[in-house]
Amino acid sequence: MPGGIDPHTHMEMPFMGQESIDDFFSGQGAALAGGTTMHIDFALPVDGDLAAGYQAWEKKAEKSCMDYGFHMAVTKWNDDVAKDMEWLVKEKGINSFKFFMAYKGALMVTDEELIQGFKKCKELGALPQVHAENGDGVVEGQTRMIELGITGPEGHPLSRPPVLEGEATARAIRLAKFVNTPLYVVHVMSIDALDEVSRARHSGQRVIGEPVASGLALDDSKLWDPDFKIAAQYVMSPPIRAAGHSQALQAALSSGVLQLVATDHCPFNSTQKALGKYDFRKIPNGVNGVEERMHIVWDTMVVLVFLHFHSRLRHFLPILQTFEYLCFSFIFRFREMSRLVH
Ligand SMILES: [Zn+2]
């Protein structure tokens, strides 16, 4: 099996007053143990300065032990940002830029900034990416939860429901159409967002939707665990959704509406997560996955596709049963080997 590429990670990322606990060496060690041999990390600007952000991430990546690349985030708009984007594309080979439609007051950009950023990407031949959640809606949802006295991790998914992800995904897709640029939607977590990606693709628009391992394999039940330590581990944004969403994402992946799988690997340890013990808004957002991604795709997708194939043909081709036996033997052996690696 060739080495995998995880196109969405955050090693050593400063976020919500903390820094994600995996650095380029430990995160890449985990990736390699799971069969991933390259990742693309998101470099963040330093006080809005893209060049400084790129240099900071280059320094973080000095301890690398496998291949890596960068996307660059854009968190505000001015002439310097536009110039730095050009420098990054022409001199540093960075050709994807991420815009946050959520995290109001921190990383979020306005629609005006989004349009300017999309325009610049188009001019440079670069690919714009969006974290698609309605940031104003999220703040309103969070306030609503706190007013209701819901302060635990379950408040996290309740405060930012799929409708806010669907709305922002639709808005980004339409603005990309307006500017006439392709668009990459990172971490598609809900049916609401998936429907927008699917509709755009069917109409011929160039939109790429990225599912992540946690979204494909999990539902939100763990976020209701009475043990804060367990529930907080599952806090990420957009949130892991209720049962049903992951199956829709799996189906979209198997039918080609979605084409790749990332992780949004951004782990925080239990001490860091505990900062939000009495207020879910302070739990650093992020889950792991860079090590588990390939196994999860194998478990959720390869077996699923095989069962689907088998259920259609079993009455006509008994020989399939022998073939199936051999395949399952291989799968179980692969799982055993994975456990040994862990
Ligand atoms: Zn991310």
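Six bridges join strand 4 (residues 36-43) to strand 5, and these two strands run parallel. The model described here is predicted. Within this pairing, His 39 has Tyr 68 of strand 5 as its bridge partner.

Strand 5 spans residues 67-74 and is mostly covered, with six of its eight residues buried. Strand 5 also pairs with strand 6 (residues 96-100), again in the parallel sense, over three bridges. Here Val 74 stands opposite Phe 99 in strand 6.

| Strand pair | Sense | Bridges | Residue pair |
|---|---|---|---|
| Strand 4 and strand 5 | parallel | six bridges | His 39 and Tyr 68 |

Strand 5, helix 3 (residues 79-92) and strand 6 together make a right-handed β-α-β unit.

Lys 98 is found in strand 6, and an unreviewed UniProt entry gives Lys 98 the annotation "modified residue: N6-carboxylysine".

Is Lys 98 buried or exposed? Lys 98 has 22 other C-beta atoms within 10 Å. A residue counts as buried if 20 or more lie within that distance, so Lys 98 is buried.

Which residues are in contact with Lys 98, leaving aside its neighbours within four places in sequence? They are Phe 42, His 71, Ala 73, Gln 129, His 131 and Val 186.

Notes
Residues are numbered from 1 along each chain as its sequence is written. This is a predicted model: local features need pLDDT of at least 70, side-chain atom pairs count only at pLDDT 80 or more; totals for chains, interfaces and linings use all residues. A residue is buried if 20 or more other C-beta atoms lie within 10 Å of its own, exposed if 12 or fewer, and partly exposed in between; C-beta atoms are placed from the backbone. Helices (H or I, at least four residues) and strands (E, at least two) are DSSP runs, numbered from the N terminus. Two strands pair if DSSP finds at least two bridges between them. A crossover is right-handed if, with the strands pointing away from the viewer, the path from the first strand over the helix to the second runs clockwise. UniProt positions are given in the numbering used here, feature names are shortened, and annotations may be inferred rather than shown by experiment. Two residues are in contact if their C-beta atoms, placed from the backbone, lie within 7 Å.
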